[in-house]
Amino acid sequence: MMLVSRVPATTANLGVGFDTLGLALKLYNTFEVKISHLDNIEVVGEGKEELVKRENNSFIKTIEYFYRLHNMTPPHLVIKISSNIPICRGLGSSASAIVAGLMVANALTGKNLPKEVLLKYAVELERHPDNVTPAMLGGCTISLVSNGEIIVKKIPFPEEIAIIVAVPQFNVETELSRKLIPDCVSLDTTIRGLAKMGMFVTSLLTKDFKHLPIILDDELHEPYRANYIPNYKKIKEELISSGALGVMISGSGPSMVILSERDKVKQLKEDIKAVLFRNNIVSKVFDLEIDNEGALLEVKECIT
Ligand code: HSE
């Protein structure tokens with residue numbers, strides 16, 4: 001028997017929803033697992049040199065965590081990871097490994113826990129819910145962790161908005177990127193943050209995209225993380241002038257997400273490439289559709 005889990009990339013925060021909003025994207029990591037008499041791991045794609053080391057591999061660590069939690073010993077596993085989500089770029093590669101590890105361990109142990117319980121474990125491991133929730137459930141999600149309970153609501157994301165992603169060549173560690181953010185903010189900043197978050201969700205629900213560039217101008221994390229991206233503020237202003245509906249740092253960065261009306265995507269991608277080139281930021285720029293399925297697990301019969 002072989003287990004195959006496919007988990008989408010995610011963009012967390014969506015600008016003004018720090019640690020709460022997230023969106024699943026149609027770019028996938030796939031994890032294939034077979035019980036064997038010896039351990040083996042093969043990684044193809046993004047970050048293969050790092051991920052092949054067990055101590056750096058969140059997928060393996062998550063499987064071990066699940067077994068420990070249930071006082072069980074993991075079997076030897078032959079693992080193949082097809083890694084398509086860029087590593088440490090703010091697109092949820094670690095969330096995908098955690099979510100897949102839980103889905104696979106859940107099946108291997110025969111626990112068959114529902115996704116809601118697995119999500120609770122995922123949040124414990126990732127420590128914030130905004131990436132693991134859309135990775136697990138798909139779509140655009142808003143998550144609240146309250147007294148150990150995780151409440152999730154799905155927000156219908158308007159089809160009229162396209163998602164463009166710019167992935168710089170350099171990477172940023174999430175932990176390091178979180179340390180830049182101050183623990184306290186003023187009441188004024190909090191009030192503007194509440195208004196912006198409420199207005200963003202309302203804009204999505206009512207498909208009223210007027211004022212989005214202003215609404216999406218985050219003050220909680222972006223001003224600090226912007227230091228990682230040379231001339232981020234100027235780049236953002238230029239892209240807004242080119243017609244972007246919003247420009248944001250994806251998760252903890254350094255990738256950027258640009259929201260665009262569908263008919264402007266082609267031109268905007270050219271403008272993004274040009275502005276990043278002018279600022280010496282070597283990047284890959286592509287558009288991605290939204291994933292609405294979330295993490296999948298398939299059980300396959302093995303021929304060998
Ligand atoms: N909300 C998190 C952050 C996402 O911005 O640090 C990173 O995974």
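**View 1. Strand β9, a mostly covered strand.** Strand β9 takes in residues 256-261, and five of its six residues are buried (buried means under 20% relative accessible area, exposed over 50% and partly exposed in between, with a 1.4 Å probe and protein chains only). This is a predicted model, where local features need pLDDT of at least 70 and side-chain atom pairs count only at pLDDT 80 or more, while totals for chains, interfaces and linings use all residues. Residues are numbered from 1 along each chain as its sequence is written, and side-chain values use heavy atoms, with hydrogens and water left out. As for the names, helices (H or I, at least four residues) and strands (E, at least two) are DSSP runs, numbered from the N terminus.

**View 2. The sheet as a whole.** Four strands make an open sheet in the order β8-β9-β7-β10, with antiparallel pairing (two strands pair if DSSP finds at least two bridges between them). At the edges sit β8 and β10, each of which pairs on one side only. On average, and ignoring direction, neighbouring strands of this sheet are turned by 20° against each other. Angles like this are taken between axes, which are lines fitted to C-alpha atoms, for helices over the stretch in contact; they run from 0 to 180 degrees between N-to-C directions.

**View 3. Strand β7, buried from end to end.** How many of the residues of β7 are buried? Eight of the eight are, so β7 is largely enclosed by the rest of the structure. In a regular strand, side chains alternate between the two faces of the sheet. Here I161, I163, V165 and V167 point one way from β7, while A162, I164, A166 and P168 point the other way, and all are buried.

**View 4. The partners of β7.** Strand β7 (residues 161-168) runs antiparallel to β9, and six bridges join the two. Look for I163, whose bridge partner in β9 is L259. I164 stands opposite I258 in β9, and A166 stands opposite M256. β7 also pairs with strand β10 (residues 283-288), again in the antiparallel sense and over six bridges. There, V165 has F286 as its bridge partner.

**View 5. The β8-β9 hairpin.** Strand β8 (residues 246-249) pairs with β9 in the antiparallel sense over four bridges, and V247 stands opposite I258. The two strands form a hairpin with six residues between them, and G251 in the turn has a positive phi of about 55°. P254 belongs to the loop between β8 and β9. The peptide bond leading from G253 to P254 is cis, with omega near 0°.

**View 6. Two helices, α10 and α11.** Two packed helices are described by the angle between their axes and the distance between the axes. Helix α10 (residues 232-241) packs with helix α11 (residues 265-278) at an angle of about 155°, with the axes 10 Å apart. That makes α10 roughly antiparallel to α11 (angles under 35 degrees count as roughly parallel, over 145 as roughly antiparallel, 65 to 115 as roughly perpendicular and the rest as oblique). On the α10 side, I235, E238 and L239 meet L268, D271, I272, V275, L276 and R278 of α11 (contact means heavy atoms within 4.5 Å). These contact residues divide into six nonpolar, no polar and three charged; Ala, Val, Leu, Ile, Met, Phe, Trp, Tyr, Cys and Pro count as nonpolar, Asp, Glu, Lys and Arg as charged, and the others, Gly among them, as polar. Helix α10 also lies across β8 and β9, running at about 155° to β8.

**View 7. Three loop residues.** Most residues other than glycine have a negative phi, and most peptide bonds are trans. L14, in the loop between β1 (2-12) and β2 (21-35), has a positive phi near 45°. At 1% relative accessibility, L14 counts as buried. H211 is not a glycine either, yet has a positive phi of about 70°; find H211 in the loop between α7 (187-206) and α8 (212-215). With 46% relative accessibility, H211 counts as partly exposed.
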